[in-house]
Amino acid sequence: MPAPRARTVAAACVLLALAAPSATADGGTGNIVVAPKVTTREEPLTVTVHAASCRTGSASSPAFGETRLTPRTDGAGGHARPAVGRDVPPGSYDITVTCDDGRSVTRTAAFTVVNGVARGDHGPAPSDGASTADLVIGGLMVASALAGGGVLWLRGERREGREERRSA
């Protein structure tokens with residue numbers, strides 16, 4: 001593969017990677033851990049705070065209200081086990097942890113509620129599948145990556161043609 005084409009393929013891969021959503025969009029609050037990341041209505045979540053100075057306090061979210069933190073046995077923070085409300089609409093939800101000393105931190109998009117019913121320990125079974133918005137966003141991401149790769153490929157072809165004419 002000539003060097004310009006290799007660069008074009010590499011650039012297309014970079015564009016596709018940049019178009020994908022970030023898997024670590026936690027706003028710098030990695031000390032709040034939520035499991036599972038995807039759940040259904042009326043299912044419990046485990047919220048764990050990894051901060052020795054925040055063993056007690058509360059965790060709150062529009063999806064489950066406010067619940068008290070219980071100190072972890074290892075002394076390295078607190079945890080809670082709230083259940084998602086029955087009437088909570090599907091979507092991503094933030095969690096705010098407020099320690100008893102008054103400090104608070106929010107983890108944005110900490111978990112996602114989907115339509116469906118739980119399947120034991122295997123997580124939720126969405127009843128609706130991908131929404132129209134999901135399909136449109138995914139299609140636009142793929143189309144933009146292909147368009148960007150195509151532009152880079154055409155530029156490389158044009159450059160190769162000029163180099164061949166110069167050497168002739």
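Residues are numbered from 1 along each chain as its sequence is written, and the model is a predicted one, in which local features need pLDDT of at least 70, side-chain atom pairs count only at pLDDT 80 or more, and totals for chains, interfaces and linings use all residues. Side-chain values use heavy atoms, with hydrogens and water left out.

To start with the overall layout, the protein chain holds two helices and 10 strands; helices (H or I, at least four residues) and strands (E, at least two) are DSSP runs, numbered from the N terminus. Read from the N terminus, the order of elements is α-β-β-β-β-β-β-β-β-β-β-α. Of the 168 residues in the protein chain, 26% are buried, where buried means under 20% relative accessible area, exposed means over 50%, and partly exposed is in between (1.4 Å probe, protein chains only). Among contacts with a separation of 6 or more, 56% are between residues 24 or more positions apart; a contact here means heavy atoms within 4.5 Å. The protein chain exposes about 10300 Å², and carbon and sulfur atoms supply 58% of that area. Accessible areas come from the Shrake-Rupley method with a 1.4 Å probe, and for residues only the protein chains shown count as cover.

Next comes the inside. The largest nonpolar core has 21 residues, such a core being a set of buried Ala, Val, Leu, Ile, Met, Phe, Trp, Tyr and Cys residues joined through side-chain atoms within 4.5 Å. Those with the most contacts inside this core are Val-34, Cys-54, Leu-69, Val-84, Ile-95, Val-97 and Phe-111. At least two core residues come from each of strand S1 (32-35), strand S3 (46-49), strand S7 (91-99) and strand S8 (104-113), and S7 gives the largest share, four residues. Val-34 shows how the parts meet: leaving aside neighbours within four places in sequence, Val-34 is in contact with Leu-45, Thr-46, Ile-95, Ala-110 and Phe-111.

A search of the whole structure finds one disulfide, that is, a pair of cysteine sulfur atoms within 2.5 Å. This disulfide joins Cys-54 to Cys-99, with an S to S distance of 2.0 Å. The torsion about the S-S bond is about -110 degrees, so the disulfide is left-handed. Cys-54 sits in the loop between S3 and strand S4 (57-61) and Cys-99 in strand S7, so the pair ties together parts that are 45 residues apart in sequence. Both ends are tucked away: Cys-54 is buried at 1% relative accessibility, and Cys-99 is buried at 10%.

Phe-111 turns up again among the aromatic rings. The whole structure contains two aromatic pairs; rings of Phe, Tyr and Trp (its six-membered ring) pair if their centres lie within 6.5 Å, and planes under 30 degrees apart count as stacked, over 60 as edge-to-face and the rest as tilted. The rings of Phe-64 and Phe-111 have centres 6.3 Å apart and planes at 20 degrees, so this pair is stacked. Phe-64 lies in the loop between S4 and strand S5 (65-71) and Phe-111 in strand S8, so the pair ties together parts 47 residues apart in sequence. The rings of Tyr-93 and Phe-111, with centres 5.9 Å apart and planes at 25 degrees, are stacked too. Here Tyr-93 in strand S7 and Phe-111 in strand S8 are 18 residues apart. Phe-64, Tyr-93 and Phe-111 form one aromatic cluster. Tyr-93 is buried with a relative accessible area of 10%, and Phe-111 is buried at 1%.

A few backbone details are worth a look. A cis peptide bond, with omega about -10 degrees, joins Ala-35 and Pro-36, and Pro-36 is in the loop between S1 and strand S2 (38-39). Glu-42, in the loop between S2 and S3, is not a glycine, yet has a positive phi near 65 degrees. Ala-109 in strand S8 likewise has a positive phi, about 50 degrees.

Finally, UniProt (unreviewed entry) places a "transmembrane region" at residues 135-156; UniProt positions are given in the numbering used here, feature names are shortened, and annotations may be inferred rather than shown by experiment. In the model this span is 100% helix and 0% strand, with end C-alpha atoms 31 Å apart.
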